[in-house]
Amino acid sequence: MKDAILRLDGVHTHIGQYHILHGIDLVVPRGQLTMLLGRNGAGKTTTLRTIMGLWQASKGHVHFDGRDITKLSTPDIAQAGIAYVPENMGIFADLTVRENMILAARNGEIDPKRLKWIFGLFPALEKFWSLAAGTLSGGQKQMLAIARAIVEPRELLLIDEPTKGLAPAIIMNMIQAFRELKSTGATILLVEQNFMAARLLGDSVAVMDDGRVVHRGAMAELAEDTTLQQKLLGLSMDAHQ
Amino acid sequence: MLPNNPIHSILSGDYPRSKALSVALVIVLVSLAFAPFLFPGSQPLNVAAKICVFVILVASYDLLLGYTGIVSFAHTMFYGIGGYGVAIAMYNFNAGWGALGLGVLAALVLAMLLALLIGLFSLRVRAIFFAMITLAVASAFAILASQLNEITGGEDGRSYRIPEMLRPAFRLFDEPVLGVMINGRILTYYLIFFAALILFLLALRVVNSPFGRVLQAIRENDFRAEALGYRVVVYRSIANCLSAGMATLAGVLMALWLRYTGPDTTLSFAIMIDILLMVVIGGMGTLYGAVLGATIFILAQNYLQVLMGQFSGMLEAAGIPLLPGLFHADRWLLWLGILFVLSVYFFPVGIVGKLRQMKS
Amino acid sequence: MTAVAATTETVSLPKVKTDWLPALLVPILAVAALPLVGSFSTWVTLTVAALAMGMMIFLMASGLTLVFGLMDVLNFGHGVFISFGAYVSLMVLGPLAGWVESPNIWLNIGVLLACIVVAMLVTGALGYAFERVVIRPVYGQHLKQILITMGGMIVAEQMIHVIWGASPIPLRLPEGLRGAIVVGEAAMEKYRVIAVVLGLLVFGLMHLLLNRTKIGLLIRAGVENAEMVEALGYRIRRLFVGVFIAGSALAGLGGVLWAFYRQTLTAGMGMEVNVLIFIVIIIGGLGSIGGCFVGALLVALVANYTGFLAPKLALGSSILLMVLILLWRPQGLYPVAKR
């Protein structure tokens, strides 16, 4: 078992008067792609936001790279080496694609070699380089959001539902890009509703329900075990063909 | 108390819920009810009438600020519309009840229509729009009122006669009652007092009705209220109209009392600030706060401001620099402003909230 | 495999749409007013006056709209900085009274610039204090924000009374800036021309800053989605404080220009302009600098033309303009894309 880069111990999160996370225990091993699955409203997005410091954990601890980041502010957490792609992608629509990317680079300059590699992953970005990001299509925006997260190598990527609302062909592109990204040794925590994508990409998996992690293991095991899927995710037999 | 108790239905089931508060409210009620007999003289009666009017004005504002959670700066505009409704009717027609009724009706219609328009226009975007737009509309209205000389009397305003029964020379009885001659002034006072009492109880009824509960749900969380199927814009607009109508009536009462209406007594921004202060001091979201806030504020304004001026004079006589300027009677607003900011920070529940906390 | 994305993504460049229509309204309005005004020379005078007024309003409003866009903070006390900026000029005009009356135009301009610099420094510092004391404790609470900033406004206005007295103070323009330049039959007041030039200069600088520097990028990004800017590792709070200070200083600058324009100082002047400023930033779209610029010009043009044609409707005309524009575009001329 590889060492864990991120570890959540008994994390509780309240949003206003609502208690959303009820003690999350989660481990993200270094160099792997960990899938975070679960029904709508299970608390996946809240988990990512809590890691990022966008919600404050009311109890429990988040350790990143051996350091307790529970109480750190969002910018400090980002500086520590976590990149975040929110569910709504967080694209700055008034800024150009280039400007969006530049903001993600810490010193304001993008390494040309890395940029070329990114353009290889997402050719559309090169084409629309100096256009306002708001004019991009949904799929292109998602590519930009991911490109922005990997503009410089980060220790950990948190990505929230990158395939949401995309056409099947574009989902395939996305899966290809993630495979490529994995091959560079990136560590990723990926929230996904699309079980097919999860099965193709995941190394390990955590399944959430009602603000708790109810299952942890290897993705391959879950992919094999249809009764377990049925129990954890309520998937019917034909939903993951 | 039992739900079918008469007090329960008069107060719409909304009790003061604090012994100290109940005592304070009873003292205010009794003092106002017997003001002409307890505190003879024109100045105290003036203060009492002003308190009655402002209780209504502040309560109607609280309907917006405290119960609906939106900030309006156009409240004095509606107050002014009420005042000018009376002024224009009384000035241009014979000073009879018919003309008065017409003026009041016209003012009410105009005010509620304006409130509806402003609400529909600005409340559907963002609540914060409402604050900005009401500020803009109210200042435009104030300028308009001071410029339309032929109609409003411009900066000078209008003095007018009111129905004969309400004039000072009118005598209801030939003999004094409890040592006080019941003249038109006292009749006017009682007209104001009872109108204010009824309006206040009506407001209490509104906020404790299902409608009022929806308003409070919207104030707590408008997204959730919308998700539950309540049209937030509609509810807020209705609240805005009700509040405007009540403010208009307060303006009518004041116009009857003063027999004069001008920009300074109705539309000035200083009055808007007074209202804000009274709501916050009394306690937002509790109509009883309007009673205490208005009473304390107006008493202070009439008696404390004089003391402040005397204090400033003393400082000046003692030759202390700068401080006389700070305590000059004209700097009343400075201290109110500071008091206001501090109360919003540290005392957001107001006097009523504090009294209720003490109990528990 | 890297080419996969290219094959399925249909190759069509999205059209770049720069929305010129709102900006075009300014010349359209100006031209449309010409036949109404009748005389060409009067029209030129009015238009120059309007442009000057528009620039000043823009300067005063720009900070407010950015502050709102960035942190969702609506400062009802913004007028404080305008009034203080104007009154602070007195501290400069006292010792430099000789420069004001001097026949040397450079000394005249020097004293104006000195007023501006001092006013901006003072209002910038005041802005820093205001943000700390008044605004910071009520972040994210709109209701309290409105009440508190309004309260701060009242207190500041009264402090002006205490410090500088309650009666209006006349303000003399420096000698060389008085009077008008006459071109043909049209008279343009010198000071108004200077105000236009200064306004354009600041707008240009601001435009460069916002579009060509990283800070500018961060501000624009922050207006759209502050949370994402934080998630990229930037401290939005610092950015916000910076913008607040700069916005206050700009309001101070606007205040100086406005005071010389009216040639009187009153403690209530900030509050009076505040109303116009609100109208402008609503028209422009809350948070949009370009919208604020166009909105300021539109309001000023409409106010000046109606001031000439039907003086009693001047302020009402701004409100009418706002209503019309909001009916056309409910979020303002240039709505800011929010998450």
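Start by selecting Val26(B), Leu29(B), Val30(B), Phe34(B), Leu38(B) and Phe39(B), which make a nonpolar surface patch of about 530 Å². Patch members have over 30% relative accessible area and no salt bridge, with nonpolar side chains (Val, Leu, Ile, Met, Phe, Trp, Tyr) joined within 5 Å; accessible areas are Shrake-Rupley values with a 1.4 Å probe, and only the protein chains shown count as cover for residues.

This is a predicted model, in which local features need pLDDT of at least 70 and side-chain atom pairs count only at pLDDT 80 or more, while totals for chains, interfaces and linings use all residues. Residues are numbered from 1 along each chain as its sequence is written, chains are lettered from A and ligands numbered from 1 in the order in which they are written, and side-chain values use heavy atoms, without hydrogens and water.

Now color helix α2 (residues 19–33) of chain B, which gives the most to the patch, with three residues. Helices here are DSSP runs (H or I, at least four residues), numbered from the N terminus. Val26(B) sits in this helix.

Next, show chains B and C together. Their contact (heavy atoms within 4.5 Å) takes 41 residues from chain B and 41 residues from chain C. Between them they bury about 3,600 Å², 82% of it on carbon and sulfur atoms; this is accessible area (1.4 Å probe) lost on being put together, summed over both. Then select α7 (127–147), α14 (269–282), α16 (323–327) and α17 (332–346) of chain B, the elements giving two or more residues to the side that touches chain C. α7(B) gives the most, with 13 residues.

How values were computed: Buried area = accessible area lost by both parts, 1.4 Å probe. Patch = residues over 30% accessible without salt bridge, like charges linked within 9 Å, V, L, I, M, F, W, Y side chains within 5 Å. Salt bridge = Lys/Arg side-chain N within 4 Å of Asp/Glu carboxyl O.
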